[in-house]
Amino acid sequence: MATGHPNLHSFPNSDELAAQLRGYVLRCQNSAFSRHGTFRLAVSGGSLPTILAKALLATSNGSPEDTPKFSKWHIFFADERAVPLNHEESNYRLLNDELVSKIPAELGSPVVHVIDEKHIGDDDPQELADLYQEDLMREFAAKDSIKLPAFDLILLGCGPDGHTCSLFPGHALLREKDAWVAAETNSPKPPPKRITLTLPVVTHAISIAFVATGGGKKEILKQIFDLEEGSSLPSALVNQGAGDKVTWFTDHPAVDGVSFPRRGSL
Ligand SMILES: O=C1O[C@H](COP(=O)(O)O)[C@@H](O)[C@H](O)[C@H]1O
């Protein structure tokens, strides 16, 4: 059962948003290290990798708290498209181009958990989803059997239709209760074949952050935060399921007309 309300923050520009996102991600990293010595996170595609790279590739103030220790990071994908890893629609390729390939050697390299390319051509991406779920099980349930994995952090985007991960409005996948990773064969946004973390996995994470910027998001954010009609949108379901574990990083144009976003630092 979720407690509290999601935190909605708005910043005047991408530099300020990135600086606050950096502090937030590194606080999540540091508390994950104190719990189990590694940082296990899931990231999205779309607009997220660019702003995440701006946040994480910025110069550190030199303190251990402000330093990403990438060699202890395990990065999974909140969703991935069933395309080759070097394809322009691949979320892996986007994250690699924007962030991973640019990490300075002294900060170490993360383990990046990619889809199994042998199955990208399958008619049904179910096998791809099952194999990715097995990868999660090796990481999260090696010793004990657990109902759900507890990511230290999941970084999400919110599409202009309210989708997040590859969970689209009105889709039956939103009712999935048992699987950790699900297959999507007919995504309304191309490419059609994808895999995605399920809603119970997303809301079970220790911390969840959305990043949504630009005026193109303001209508959907109004629905998600202010209007009853938006309450069944996938991004709103994350808010309802995870409550105050959720933090939204937005810019001013994205929340123009939304009630009471907190402006400024976290
Ligand atoms: O298709 C996708 O879109 C969403 C939202 O992207 P954005 O560009 O509007 O931020 C993204 O979070 C997801 O990972 C991606 O596969």
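This briefing describes the sheet of a predicted model, the helices packed on it and a pocket. Local features need pLDDT of at least 70 and side-chain atom pairs count only at pLDDT 80 or more, while totals for chains, interfaces and linings use all residues. Residues are numbered from 1 along each chain as its sequence is written, and side-chain values use heavy atoms, without hydrogens and water.

**Sheet**
- Eight strands form an open sheet with parallel pairing, in the order β5-β3-β2-β6-β9-β10-β1-β11. Strands (E, at least two residues) and helices (H or I, at least four residues) are DSSP runs, numbered from the N terminus, and two strands pair if DSSP finds at least two bridges between them.
- β5 (111-112) and β11 (262-263) stand at the edges with a single partner strand each, so one side of each lacks a neighbour in the sheet.
- Strand β6 (residues 153-156) pairs with strand β9 (residues 208-212) in the parallel sense over 3 bridges.
- L155 has A209 in β9 as its bridge partner.

**Helices on the sheet**
- Helix α1 (residues 14-36) packs on the sheet and touches strands including β1 (7-11) and β10 (246-251); contact means heavy atoms within 4.5 Å.
- Helix α4 (residues 126-140) also packs on the sheet, where it touches β2 and β3.

**Lining of the largest pocket**
- β1, α6 (218-226) and α7 (234-242) each supply at least two residues of this lining.
- The lining of the largest pocket comprises 9 nonpolar, 8 polar and 2 charged residues. Ala, Val, Leu, Ile, Met, Phe, Trp, Tyr, Cys and Pro count as nonpolar, Asp, Glu, Lys and Arg as charged, and the others, Gly among them, as polar.

Terms used. Axes are lines fitted to C-alpha atoms, for helices over the stretch in contact, and angles run from 0 to 180 degrees between N-to-C directions.
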